[in-house]
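Here's a quick tour of how three chains pack together. Have the model open as you read.

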Amino acid sequence: MKTHVTTDINDEAVEFLCEPQHTLLHVLRNELGLTGTKEGCGSGDCGACSVTVNGRLVCACLVLAVEADGAKIGTIEGVANRDSLHIIQEKYLEHAALQCGICTPGLIVSTQALLEENPNPTEQEARYFLAGNLCRCTGYDKIIRAVMDAAQCLRQGA
Amino acid sequence: MATLFFNSELEKITECRQISIKSNTYRDFIEEILNIFPDLQGSGLMEMALAIDGEIIHEPLLVAIPDNSELHFVFKISGG
Amino acid sequence: MSEAKQYKYIGQRTIRPDGFDKVTGRANYGADLSLPGMLWGKVLRSPYAHALITKLDTSRAEAHPDVLAVAGFEDFPSVNAEAFAAGNGDSGMLDLARNILADKKVLYHGHAIVAVAARTEEAAAQALQLIDVEYEVLPPVMSIEQAIKEDAAVLHEDMFTQGLADTPSAPSNIASRMELKKGDVAAGFAQADIIVEREFSTPTVHQGYIEPHATTVRFDDNGPSMVWCPTQGHFDVRASTARLLNMELGQIKVVASEIGGGFGGKTTVYLEPVALVLSRKAGRPVKMVMSRDEVFRASGPASASKSRIKIGAKSDGTLTAVEASLYYEAGAFKGSPMAPGCMTVFTPYDVENMWVEGFDVVVNKAKAAAYRAPGAPQAEFAAEMVMNELAEKLAMDPIDLRLLNAAKAGTQTLYGPKLKEVGLVQCLQAAKTSEQYQTVLASGEGRGVAAGFWFNIGGQSSVIINMNSDGTGTILEGSPDIGGSRASMQMMAAEELGIPLDRLNPIVTDTEHVAYNATTGGSRTTFATGMAVVEACQDVVAQLKSRAASMWNVTSEQVDWQDGSAINLAGEDVMTLAEICAAAEKTGGQISGRGNINARGAGPSFAVHLCDVWVDRDTGKTDVVRYTAIQDAGKAIHPGYVEGQFQGGAAQGIGWALNEEYIYDDNGIMENAGFLDYRVPLASDLPSIDTIIVEVPNAFHPFGVRGVGETGIIPPLAAVGTAVSDAIGLPIETLPCSPPRVLKLLQEAAK
Ligand code: FES
Ligand code: FES
């Protein structure tokens, strides 16, 4: 039996039908075509599927799609303002903080959540906040530099 | 005259470490050594890369063999 | 090559051209493509590590209303065992087929047996439950020690050890042995004042790319069938798939999606041929995606190893002889990276007397795949640990010991040729004067230094550059971009043509738009595909000059090319590239340049890493507190992505040294097939990783490039291992230095 869900994704009203066992990640990727959110494990261990639900950072693979009913969902597709990148996205590019880029959407969503919660993180705070987002390519060095730089720009209102 | 050195795997067949080579193209050179060491046929020699003076050439078919050069057959490497 | 050459783009930190799509989620990776009418494919996998399949009945699954196709080993028509037994085939292909769908025998837990395609993922999963299989369980062979025992269960009845003096009469789990020697080691050891000998082991580890294997395919009777997948080499996916399915290359078009990491693990096929069989049978597109569990159990781990290293030296540190025995696990089918292990193990050192033997051993684990400098980390780990022990026993600085013996231009390698110009000495010197090496260790900390060597390769690359009438151009290349290579292609082309970066758009095409490209691996892409880009640019420039010449009514020889413009040497005229392209319609049509090469002259890359750790003596947990990676890049086209390769390699090597390992139960079943229990380094596990780029140009490349992708994973194993050993004052012989293992060492020493 499919359930009808009414939700808001990146400030747009969205309706969908889903099976009770389907995750939010499944619906985003396979039903709504929002493939920017990635699946690396399906078990909450890699962070590639990071999205926000009512402003809270979650792994979309651990959220049931029906839980999206009445909620506000934020995904990577909502981070840039059309062709103008968010400063976090710009800093990731400037610092070469992505290699293959599969972790990048999740990391950018997590970085945004970090900087909303803590606009002035220490490097260690950033490393611990982002510990749920695996990156196998970069060794994190350039990611952390991008995050710290973005934080500073955001604080200065750039 | 170039000098061909055998690695220890090939040496098991040739029973010598090095020989002088008269040929100046790869194709003649292969013919020359197979004449001297018929048992090298089937040793995978043609699947190996050839190093000429340290430059490893994976597909040496058309190369020239310079005078006084040092030649080595090298296992092909792929990588990850 | 002139050292003083000033470049406009090479060496800059430009923004990668594919960056926008990758930070906005628009880039499409392996699992991101869906097609209308698409089915979902799933694979039934072995619940045993070693068993004979005595019965396999798929009729109940086929009867499921949502199931449209089932595929098994017999669907690989060109690969049948009899043909191979008769010697008319390529045994590598047979092994590949047997690995992706088992033939009467399963050789590891998770080994694929049959696949189904159904209307939904759920239906496909249900159908797997309806397949009836019976097994005769055999004893699992889970380690090198077990595998090489006389009475070991044999994985392959038809495998007889190759490379022995006498042809063996009984089958064995040792697929082959090789030996390399130089000089006389017995004499060398006799001259030594000190000899250090030790045995080591390293675990099975996984490449750990974040993106699971995935594919979407559409079989087509009337035109090329389409395969979409994330791969390091779509031309080789096409070749393997065509061989397995008895198709012509032109009947298959492989589209390389964006790739979410590979590190060597995406240089082979698992799902693609199977999905194409399912699609052919069902007459519908098919999508298959591995779960993380399947990725761990059934795709590319890197070989576990055992090794013995013996090094002899004079009391002043001069090495007199080195010797190694190296055993590599190949997994279920032969073909571990034992040969490159033997060839790299002592290459950082110039020693007169060397002897190395290697063994390729099959065990009941997934078939090992390439992993960054395959074979080298295991071997060089062992050799570098012994070098550090030697330095300690001689009371010498470990960098000085290495400088004294360092390989350089003219050093005779064990694998054959003499080295050309290389940068090991420069890396060692940079390490010595680095900030980290000058930092005094705090109490409880330990330090390790290690060097690493990898060959790098060239190979085939094909590039086409199409110019447009407004002077913009498209670079068509066929090397999947895993870490920013589109940026380097764009930079090299802009430099060569003398036009701004944003006028050139690099595109990784499918298999139909450029000729064959070897797989992205062996650190070859910036080197070899870069050379093809330069050649294609030179072709474009030659045509631009001749078009300008025809406009000026002079010969091409009277036209020079400088900074993106043609210059009439017979007069005053200058025409920019854009002006010539705008007039191309009148001078013979628009211009395309081509560069099809088989690149040779790849330059080896040496690295030196420094690692400082702190070990918690109560828990055995190691924290890396400082880390510096120094490596010879030849020439860094994009320093940001070059540093990224050093850092990424270092992080993977740190994971290998400290935490990562496959853990099996007594039945050969992996117990930690997920990122929670197979712990790769997290952001909070690592310090910042400092980098120093050394540039000793490779004379064979137009810009001096050496490959940089692989070497960086080699030194961390011994740098970390030595640092831990230094911190706890005990020898390290087994990786990983995980907390329980280090704690046990400390507790045993306390007794
Ligand atoms: S896919 Fe959700 S955490 Fe990995
Ligand atoms: S850039 Fe590849 S996983 Fe992060």
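Predicted model: local features only at pLDDT ≥ 70, side-chain atom pairs only at ≥ 80, totals over all residues.

Residues are numbered from 1 along each chain as its sequence is written, chains are lettered from A in the order in which they are written, and side-chain values use heavy atoms, with hydrogens and water left out.

Contact means heavy atoms within 4.5 Å. Buried area is the accessible area (1.4 Å probe) that two parts lose on being put together, summed over both. A salt bridge puts a side-chain nitrogen of Lys or Arg within 4 Å of a carboxyl oxygen of Asp or Glu.

| Interface | Residues in contact | Buried area | Salt bridges |
|---|---|---|---|
| C and A | 57 residues of C, 47 residues of A | about 3,900 Å² | 4 salt bridges |
| C and B | 33 residues of C, 23 residues of B | about 2,100 Å² | 2 salt bridges |

Against chain A, 57% of the buried area is on carbon and sulfur atoms. C:V23, C:I210 and C:A683 supply 18% of what chain C buries there, more than any other three residues. A:R136 forms a salt bridge with C:E660, their closest N and O atoms sitting 2.7 Å apart.

Over at chain B, 59% of the buried area is on carbon and sulfur atoms. B:E70 pairs with C:K418 in a salt bridge, with 2.7 Å between the closest N and O atoms. Strand β7 of chain C brings the largest share of its side, 6 residues.

Now for the inside. A nonpolar core is a set of buried Ala, Val, Leu, Ile, Met, Phe, Trp, Tyr and Cys residues joined through side-chain atoms within 4.5 Å, where buried means under 20% relative accessible area (1.4 Å probe, protein chains only). The largest one has 190 residues, and A:Y92, C:F76, C:I309, C:F346 and C:V724 touch the most other members. Helix α12 (residues 376-393) of chain C contributes its largest share, 10 residues. Beyond four places in sequence, C:F346 contacts residues including C:I309, C:V322, C:M354 and C:A383. Another core lies apart, with 43 residues, among them C:I10, C:I475, C:L501 and C:I597.

Technical notes. Buried < 20%, exposed > 50% of the residue type's maximum accessible area, 1.4 Å probe, protein only. Helix = DSSP H or I, 4+ residues; strand = E, 2+ residues; numbered from the N terminus.
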